[in-house]
Amino acid sequence: MDDPLPSPLPLRTRLSYAVGHFLNDLCASMWFTYLLLYFHSVLGYSSRHAGALLLTGQVADGICTPLVGYEADQAGGCGRYGRRKSWHLIGTISVLLSFPFIFNPCQGCSEKTPEWAVLIYFIPFVVIFQFGWAATQISHLSLIPELVSSDHEKVELTAFRYAFTVVANITVYGLAWLLLHFEVGRRGAPNLGRQDIPVFRNLSLIVVAVGAISSLLFHLGTPEKTRPPGWTPEPEEHTPLLSDSQKKPIRPYLLWNHWLLEPAFYQVAMLYMATRLIVNLSQTYIAMYLTNSLMLPKKFIATIPLVMYISGFLSSLLMKTVNKRIGRNLTYFLGLMIILAFAAWVALTGNMGVEVYGAAILLGAGSATILVTSLSMTADLIGTNTHSGTFVYGAMSFTDKVANGLAVMLIQNLHPCPTLLCCPGCVAFYHWVMVAVTGGIAVVASLFLACLMIWPIRIRFHDVSVTGLAGSRPRELEPQDEEDNASMVN
């Protein structure tokens with residue numbers, strides 16, 4: 001008699017899970033879109049120092065992410081609280097206490113304070129924020145394989161998660177537009193400057209308040225089974241002596257160090273890194289492109305990203321259907337084609353007017369498509385190995401954080417006028433930056449995707465031990481066992 005299918009996750013639980021990353025999404029929206037703009041165009045610091053601060057944050061995030069992932073897999077949680085939600089709570093508190101200081105001027109500093117001293121002031125807040133962000137992100141992502149098991153449910157839950165990511169970005173950009181609108185009406189200054197410091201300070205405080213409420217809803221509404229490391233279910237009265245799983249070939253656990261021997265692990269990591277480079281770098285430099293290359297008023301740094309994320313939100317709602325009909329690989333390829341269409345539009349058009357909204361729709365739809373699909377591929381890679389899933393997500397995030405930080409620092413060092421707010425050279429500079437971070441990286445991502453299509457992801461268990469009953473010594477799998485236990489990810 002076949003085992004009954006697990007009941008689908010209730011809508012209330014899916015929604016409460018989805019808002020668990022809302023604080024991170026709100027903060028990430030401000031971090032990637034406005035950090036360089038705030039420190040360079042508002043506070044007046046050099047582009048290199050602004051880039052160094054972002055690089056510090058990305059490196060801190062990249063280091064913290066795999067460490068948190070490893071510890072979260074090993075730890076057993078706080079009391080009756082599950083290990084994933086325990087780390088989520090730690091990360092949330094860290095973000096709430098540190099993020100408001102990043103978008104506030106240096107306390108106790110004056111105009112004569114050297115920029116390197118101001119940089120040292122901000123670094124501790126950035127590091128604490130990135131640690132909290134990493135702890136929240138990894139613990140939240142690693143709950144997906146534990147909450148649901150089927151491929152389509154994973155895609156649906158990932159789409160719910162990304163839908164709230166888009167809602168978070170819409171919230172940030174909508175609030176930014178309102179605050180900038182009131183600031184322009186009060187002071188009449190259409191361009192960014194120190195008069196806009198209150199705008200970003202108030203925006204960061206609102207973000208923290210809204211994010212705290214959403215995190216509370218997540219902890220109240222999302223269940224997690226409190227299982228210590230190495231947990232195995234206890235037999236009950238009606239438990240058969242030989243279960244169905246025991247009748248099948250033994251499927252060993254894949255520990256964190258075993259992932260490092262899997263080629264599929266690196267295939268997915270490279271594709272995920274390219275995806276995050278496209279999404280994050282385009283988000284980071286879109287405001288610079290609008291204000292410096294297209295010479296648009298400062299309200300466009302809110303309205304254009306807002307259009308992007310509305311487009312992304314609508315696209316994310318179609319992900320489950322599209323993935324089911326054409327598969328993961330073709331869905332990702334479709335997203336790359338949309339990104340390349342945006343890059344070609346920007347490259348061939350020097351001065352955009354109202355058509356910039358059309359380009360924003362393309363960028364939003366393409367970014368949503370490749371991000372949701374790459375996250376689903378990562379969940380597919382983990383499969384039933386949820387006990388080491390946090391490490392996998394941590395390692396994936398490590399590659400994208402470090403790559404993003406290094407890419408931003410490289411771009412900032414290529415800036416034609418690093419000590420000035422803008423010069424004639426930066427008009428063309430940000431134009432081609434937008435082409436490169438979308439179209440250029442999309443070409444690289446297409447090569448990684450081709451590798452996945454030619455050599456489908458095949459999980460092989462290297463040096464894996466299986467612990468027998470009654471504490472018997474583990475045995476290593478023979479080559480034939482490895483062949484039998486290989487699994488495929490479409």
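This is a predicted model: local features need pLDDT of at least 70, side-chain atom pairs count only at pLDDT 80 or more; totals for chains, interfaces and linings use all residues.
Residues are numbered from 1 along each chain as its sequence is written, and side-chain values use heavy atoms, with hydrogens and water left out.

The protein has 17 helices and four strands (DSSP runs: H or I of at least four residues for helices, E of at least two for strands, numbered from the N terminus). Of its 490 residues, 54% are buried, that is, under 20% relative accessible area with a 1.4 Å probe and protein chains only. Take the contacts (heavy atoms within 4.5 Å) with a separation of 6 or more: 83% of them link residues 24 or more positions apart.

Now for the inside. The largest nonpolar core counts 129 residues, and Tyr 34, Phe 39, Phe 99, Phe 103, Tyr 285 and Leu 290 have the most contacts inside it. Such a core is a set of buried Ala, Val, Leu, Ile, Met, Phe, Trp, Tyr and Cys residues joined through side-chain atoms within 4.5 Å. Helix α11 (residues 263–293) is the top contributor to this core, with 18 residues. Setting aside neighbours within four places in sequence, Phe 99 touches Cys 27, Met 30, Phe 129, Ser 204, Val 207 and Val 208.

Leu 334 has a relative accessible area of 41%, so it counts as partly exposed (between 20% and 50%).
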